[in-house]
Amino acid sequence: RWALAAPLFAGGDGVAGAETRRRTLAELLLERYGIVTREQVLAEGIAGGFSLLYSALSDLETLGVCRRGYFVEGLGGAQFALPGAVERLRADAAAQEQRPLVLAATDPAQPYGAALRWPEPRDGQRRPQRVAGAYLVLGGADPVLYVERGGRGLLVLGEPDAAQVDAALGALAAFVTDGRAKLRLQLERVDGEPVVGSDWEARLVEAGFRQGPRRLTLSA
């Protein structure tokens with residue numbers, strides 16, 4: 001559903017108008033993220049930062065719209081969340097197994113490179129970026145694979161075990177072949193090294209990639 005946003009911010013001038021705009025911004029961020037932290041507000045580039053919205057978020061807490069707490073470890077201590085988001089977090093934490101999820105690197109639901117830092121790159125590995133055309137495969141809350149823009153390079157992030165990587169490769173292959181994104185992979189590199197002739201070649205072929213003389217390909 002789409003709606004014009006301009007009327008939401010047309011609160012007029014003066015103190016009352018400024019309070020209305022802050023309240024609107026706070027509600028929009030809560031609806032977008034479920035949990036609002038200082039880091040997310042900074043990533044949104046909102047003038048005035050978290051301190052500008054703190055009073056509006058506190059008012060929403062008083063009204064019972066959101067809750068204040070420490071929901072995401074490692075982020076700012078003052079965090080505000082919708083009740084449904086808190087229950088979702090508890091349910092996810094209790095789950096024994098979480099299927100890998102493929103997201104565009106620029107998706108607001110993808111927190112790395114914005115609210116959260118990317119894992120430290122290995123020697124010679126390129127640092128991932130939030131750019132259009134790149135994708136991230138999450139295993140639960142952990143980033144496992146990063147597909148570079150153009151689909152020619154793949155990065156393995158952090159220190160995942162073999163099972164996590166294989167599950168992430170399977171999710172990536174299904175994402176491409178199901179046609180959920182107009183994405184064609186023509187992998188030439190994994191962690192900066194040529195993929196053809198490497199230990200990765202057999203694992204990628206098993207996941208569904210087609211062999212070629214210089215690259216491995218996968219498409220819908």
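With which side chain does the side chain of Arg32 make a polar contact? Select Arg32 and look for Glu44: their side chains make a polar contact at 2.8 Å. A polar contact here is a pair of N or O atoms within 3.5 Å; within protein, one must be able to donate a hydrogen and the other to accept it, and residues adjacent in sequence count only if both atoms are side-chain atoms.

This is a predicted model: local features need pLDDT of at least 70, side-chain atom pairs count only at pLDDT 80 or more, and totals for chains, interfaces and linings use all residues. Residues are numbered from 1 along each chain as its sequence is written, and side-chain values use heavy atoms, with hydrogens and water left out.

**Stop 1: around Arg32**

Stay on Arg32. Its place is in helix α1 (residues 14-33). Helices (H or I, at least four residues) and strands (E, at least two) are DSSP runs, numbered from the N terminus. Arg32 counts as partly exposed, at 49% relative accessibility. On this scale buried means under 20% relative accessible area, exposed over 50%, and partly exposed in between (1.4 Å probe, protein chains only). Leaving aside neighbours within four places in sequence, Arg32 is in contact with Glu44 and Pro108. Contact means heavy atoms within 4.5 Å.

**Stop 2: the three-stranded sheet**

Select β1, β2 and β3. These 3 strands form an open, antiparallel sheet in the order β1-β3-β2. Two strands pair if DSSP finds at least two bridges between them. The edges are β1 (35-36) and β2 (67-69), each pairing on one side only. Between β1 and β3 (residues 79-81) there are 2 bridges. Pick Val36 and find its bridge partner in β3, Phe80.

Next, show helix α3 (residues 49-62). It lies across β1, β2 and β3, at about 45° to β3. Axes are lines fitted to C-alpha atoms, for helices over the stretch in contact, and angles run from 0 to 180 degrees between N-to-C directions.

**Stop 3: the six-stranded sheet**

Move to the sheet ordered β4-β5-β6-β7-β9-β10. Its 6 strands form an open sheet with mixed pairing. At the edges stand β4 (101-104) and β10 (193-194); each has a single partner strand, so one side of each is left without a neighbour in the sheet. Start at β4, which pairs with β5 in the antiparallel sense over 4 bridges. Ala104 has Tyr135 as its bridge partner in β5.

Show α5 as well. This helix packs on the sheet and touches β4, β5, β6 and β7; its direction makes about 50° with that of β6.

Continue to β6 (residues 142-147). Is this strand enclosed or open to the outside? Of its 6 residues, 5 are buried, so β6 is largely enclosed by the rest of the structure. On one side, 5 bridges join β6 to β5 (residues 135-139), antiparallel. Gly139 stands opposite Asp142 there. The hairpin of β5 and β6 has 2 residues between the strands, and Gly140 takes a positive phi near 70°.

β6 also runs antiparallel to β7 (residues 153-156), joined by 3 bridges. Leu145 faces Val156 across this pair, standing opposite it in β7. In the hairpin of β6 and β7, with 5 residues between the strands, Gly150 has a positive phi near 100°.

Then go to Asp191, in the loop between β9 (189-190) and β10. Its phi is near 55°, a positive value in a residue other than glycine. Asp191 is partly exposed, with a relative accessible area of 22%.

**Stop 4: the cores**

Select Leu145, Leu154, Leu185, Trp200 and Leu204. These have the most contacts inside the largest nonpolar core, which has 27 residues. Such a core is a set of buried Ala, Val, Leu, Ile, Met, Phe, Trp, Tyr and Cys residues joined through side-chain atoms within 4.5 Å. Elements supplying at least two residues each include β8 (185-187), α6 (200-207) and β11 (216-218). The largest share, 8 residues, comes from α5. A second, separate core of 19 residues includes Leu30, Leu53, Ala78 and Phe80.

**Last stop: Ser219**

Select Ser219, in the segment after β11. Its side chain makes a polar contact with the side chain of Arg184 at 3.4 Å. Beyond its neighbours within four places in sequence, Ser219 is in contact with Val176, Thr177, Leu183, Arg184 and Arg210.
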